[in-house]
Amino acid sequence: MSAVDISRHDVEEFLFEEAALLDEWRLDEWLELLTEDATYQIPSNDAPDSDARNALFLIADDAPRIKARVKRLNDSEAHAESPRSRTRRLIANVRITNRDKDILSVSANFSVFRYRRNAPLRQYVGRYEYQLNATGEALRIAERRVILDPTELGTLGAVSFIL
Amino acid sequence: MFRLNRRTLADPEILTRELTAIFDKSWIYCGHESEITKPGDFCTRDVGGRPVIFCRDSSGDIRVFLNACRHRAAIVCREACGNTRRYNCFYHGWSYNRDGKLVGVPGEDAYPPGFDKSEFSLAEPSHVGSYRGFWFISFNPDVADLEDYLAGAKEYIDLVADQSPSGQMQVIQGTQEYDIRANWKLLVENSFDDYHLLSTHKTWLDYMKDSGVQVEPPRGQGLLLPSKGVGKGLGNGHAVIDNINFRGRPVAKWISIYGEEAKAEIDEIRAELVERLGERRAARVADTNRNLVVFPNLVINDGSSVTIRTFWPVAADHMKVTAWALGTKEESEAARARRLDSFLTFYGPGGFATPDDVEALEAVQAGLATWRETEWSEMTRGLNKEGDQLNTDEEHLRAFWREWNNLMTADA
């Protein structure tokens, strides 16, 4: 497989599968969608285009940190997610914005609805920026950047789950 | 005896009184000098419940204006940060220069004789003051001089500022702004409560352990985590925990998470500290970590990173939190990246620890609905003990609460 052969439909299938794994808290399976050197980032709301090396982010995980995050979330003593949030992800406006030989750049809008205990609905709105590796049998996530639209995290509170 | 009436954390009437008895009487943190550097630079924010413009005037001096038009009160600056020649109220078109002077009034000839623009400059707080780059404002005309007010907290602000070769720390871009559904005083307590570390932050400690960091304190004296840490009041309600560091500091205390390649640079940072401050002071700066509360609502956590955190009560059970990372002006790209990475291991809405603190505070707030049935909270760890109060005792929490009580029970 290479980046030139992949259609938007293929990318959508992949993102929908990812969303299902996350909504179902199948985090170990989600890890298998990532490359060995994957990154997962959420910039601070007031610096959406910045670089994690010189700006404070909400999340700026390298691959070992992503694995540590999943290990933490699988532990019942990750109190912020015990009991776990119930989430529902809607992903739309999927666009392939660039094709290299091996890498697809993908942009997608999201709305993630989060319920937890008796807290009111919290709705995370923004867009994903992916770099997808297309060299293997299946697509793999090399970069996963989450850009939030709200100007502050505010009443959303925390990003204690995988957004 | 020391016990805490839970109504203080739950009753909206208490908050109403706090706004005048605490926040309108104290110095409130406004911003850091590094956030605005050139004439005309500004940041808008809410401080002490008022919208303010934290800015540099035409001479480059730091000023704080109340962000409200003198005509009908509309805010005159609606951007978060930037640089401007004028603050323009778009409603009727009044405009102010960088010095806050009213310079433009459309249709000025309709005003009666005697209307004088010079009487309508943007208003300013009663007092504006700074200590080592940290700027505070007060709406109390009779407030003590800032340095007298800061009292023993100055020593701990010095330990932060001294990390920079030039004494200049820098707020790094990227602001964490998040709400907690809890009373603001619970975050004061939580910001330097070391008693909760083992039970609340087990997953963070596991992460550190997995990463090869020694998380167990040196054994001895029957002390809880970490040993050789103290908690104390610093006067005027300020208080601190001051601990021997053994879990790493971007300033000159290497741990495995930073990577082998960081060792040489951290040695260099340490050598610079020793050269400039001497061995003893360098060790004080680099080998201890400190969580400082500046009464009433500023926290400076100087540990795995340097965090400035302030918070504001929007209701008795709801606060807005703002947090920044602070670095030295001189640090290299790699050191800056390391500092930010270190910040995120623990802190912030996506960190491995802060979300669990938020959960703890919200759990407390939920339980506080029983304040009429169960009136008192227990806060007596270390009470009446001789010698140092530990970081896991509660003397520093009591220091905050005693000042709170003084102000709340003083004559209005």
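**Note on a helix pair and a chain interface**

1. In chain B, helix α3 meets helix α8. Glu155(B), Tyr156(B), Asp158(B) and Leu159(B) of α3(B) are in contact with Arg281(B), Arg284(B) and Val285(B) of α8(B). By class, this contact has 3 nonpolar, no polar and 4 charged residues. Keep in mind that the model is predicted.

2. How do these two helices pack? Two packed helices are described by the angle between their axes and the distance between the axes. Here α3 (residues 153-161) and α8 (residues 279-286) of chain B pack at about 95 degrees, and their axes are 9 Å apart. Angles of 65 to 115 degrees count as roughly perpendicular, so that is how α3(B) and α8(B) lie to each other.

3. Now the two chains. In chain A, 36 residues are in contact with 38 residues of chain B. About 3000 Å² is buried between chain A and chain B. Carbon and sulfur atoms carry 50% of that area. On the chain A side, Leu56(A), Arg65(A) and Arg72(A) lose the most area to chain B. Together they make up 25% of what that side buries.

4. Which polar links join the chains? There are 7 salt bridges between chain A and chain B. In one salt bridge, the side chains of Glu359(B) and Arg117(A) meet at 3.0 Å, N to O.

5. Two elements of chain A each give two or more residues to the side touching chain B: β2 (57-61) and α3 (63-73). The largest share, 5 residues, comes from α3(A). By class, the residues of this side divide into 14 nonpolar, 11 polar and 11 charged.

Conventions
Residues numbered from 1 in each chain as written. Chains lettered and ligands numbered in written order. Predicted model: local features only at pLDDT ≥ 70, side-chain atom pairs only at ≥ 80, totals over all residues. Heavy atoms only, no water. Axes fitted to C-alpha atoms, helices over the stretch in contact; angles between N-to-C directions. Helix = DSSP H or I, 4+ residues; strand = E, 2+ residues; numbered from the N terminus. Parallel < 35°, antiparallel > 145°, perpendicular 65-115°, else oblique. Contact = heavy atoms within 4.5 Å. Nonpolar A, V, L, I, M, F, W, Y, C, P; charged D, E, K, R; others polar. Buried area = accessible area lost by both parts, 1.4 Å probe. Salt bridge = Lys/Arg side-chain N within 4 Å of Asp/Glu carboxyl O.
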